[in-house]
Amino acid sequence: MKESKYLSDDRNILVNLKELPVFAPLDQADLQHLLRMSRLRIYKPDEAIIEEGSLDNWIYFLIFGKVRLIKHDREISVLTESGDLFGEMRFIDNTPRTASAYADGDTVCLALDTSYVEQLSGEDKLSLGYVLYRILAGILAEKLREATQELMRHKGKANIAFWND
């Protein structure tokens with residue numbers, strides 16, 4: 001993996017991130033806060049990004065490429081969209097990683113160091129914490145909608161199979 005230093009006020013990155021739907025609702029000041037606690041990471045094909053069971057403080061946003069999510073040696077998902085989020089559950093519930101993530105081809109991620117939030121105090125901590133939870137809440141709500149639709153599709157298939165037997 002190749003990794004940048006923490007991103008500060010890189011105008012090009014700021015403009016590019018603002019174009020991603022996940023970051024679109026944020027104002028420039030909020031995005032600059034996120035950049036200060038973020039690094040760009042470049043992964044080679046099949047390189048591990050997250051190891052199941054590990055403990056770290058990073059949340060990832062896919063910028064370019066694909067990421068395979070693996071749990072107990074079974075592929076559970078492939079992320080392909082710029083702005084796709086992974087690794088967020090560790091930040092939310094502070095438990096070990098529940099799945100591994102691997103680069104599927106050359107892959108670039110924005111890695112956000114959540115330990116940075118804990119180093120802040122007062123208004124800064126509240127403000128940045130709010131921004132992060134707002135992003136996560138929107139993404140998790142969308143994932144829940146998708147999971148519910150998938151469950152309903154499978155439930156419908158199960159009901160049809162039951163009545164056809």
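The protein chain holds 5 helices and 9 strands. The model is predicted. From the N terminus on, the order of elements is β-α-α-β-β-β-β-β-β-α-β-β-α-α. The C-alpha trace spans about 65 × 35 × 30 Å along its principal axes.

**Packing of α1 and α2**
- Helix α1 covers residues 11-18, and helix α2 covers residues 28-36.
- The two helices pack at an angle of about 115°. Their axes lie 10 Å apart.
- The crossing of α1 and α2 is right-handed.
- On the α1 side, the contact is made by R11, I13, L14, L17 and K18. On the α2 side, Q28, L31, Q32 and L35 take part.
- By type, the residues of this contact are 5 nonpolar, 2 polar and 2 charged.

**The largest pocket**
- The volume of the largest pocket is about 950 Å³.
- Its lining counts 35 residues. Nearest the centre of the pocket lie L79, L85, E88, I139 and K143.
- Helix α5 gives the most to the lining, with 8 residues.
- The lining of the largest pocket divides into 17 nonpolar, 9 polar and 9 charged residues.

**Aromatic pairs**
- The structure holds 4 aromatic pairs.
- One of them joins Y6 and W58, with ring centres 6.4 Å apart.
- The ring planes of Y6 and W58 meet at 15°, so this pair counts as stacked. The cut-off for stacking is under 30 degrees.
- Y6 sits in the loop between β1 (2-3) and α1. W58 belongs to strand β4 (residues 58-64).
- Y6 and W58 are 52 residues apart in sequence, so the pair ties together separate parts of the chain.

Definitions and conventions. Residues numbered from 1 in each chain as written. Predicted model: local features only at pLDDT ≥ 70, side-chain atom pairs only at ≥ 80, totals over all residues. Heavy atoms only, no water. Axes fitted to C-alpha atoms, helices over the stretch in contact; angles between N-to-C directions. Helix = DSSP H or I, 4+ residues; strand = E, 2+ residues; numbered from the N terminus. Left-handed = near helix turned anticlockwise from the far one by under 90°. Contact = heavy atoms within 4.5 Å. Nonpolar A, V, L, I, M, F, W, Y, C, P; charged D, E, K, R; others polar. 1 Å grid on protein atoms, 1.4 Å probe; cavity = no way out; pocket = protein on both sides within 12 Å on 5 of 7 lines; lining within 4 Å. Points joined across faces, edges and corners; volume = space filled by probe spheres on them. Phe/Tyr/Trp six-rings, centres within 6.5 Å; stacked < 30°, edge-to-face > 60°.
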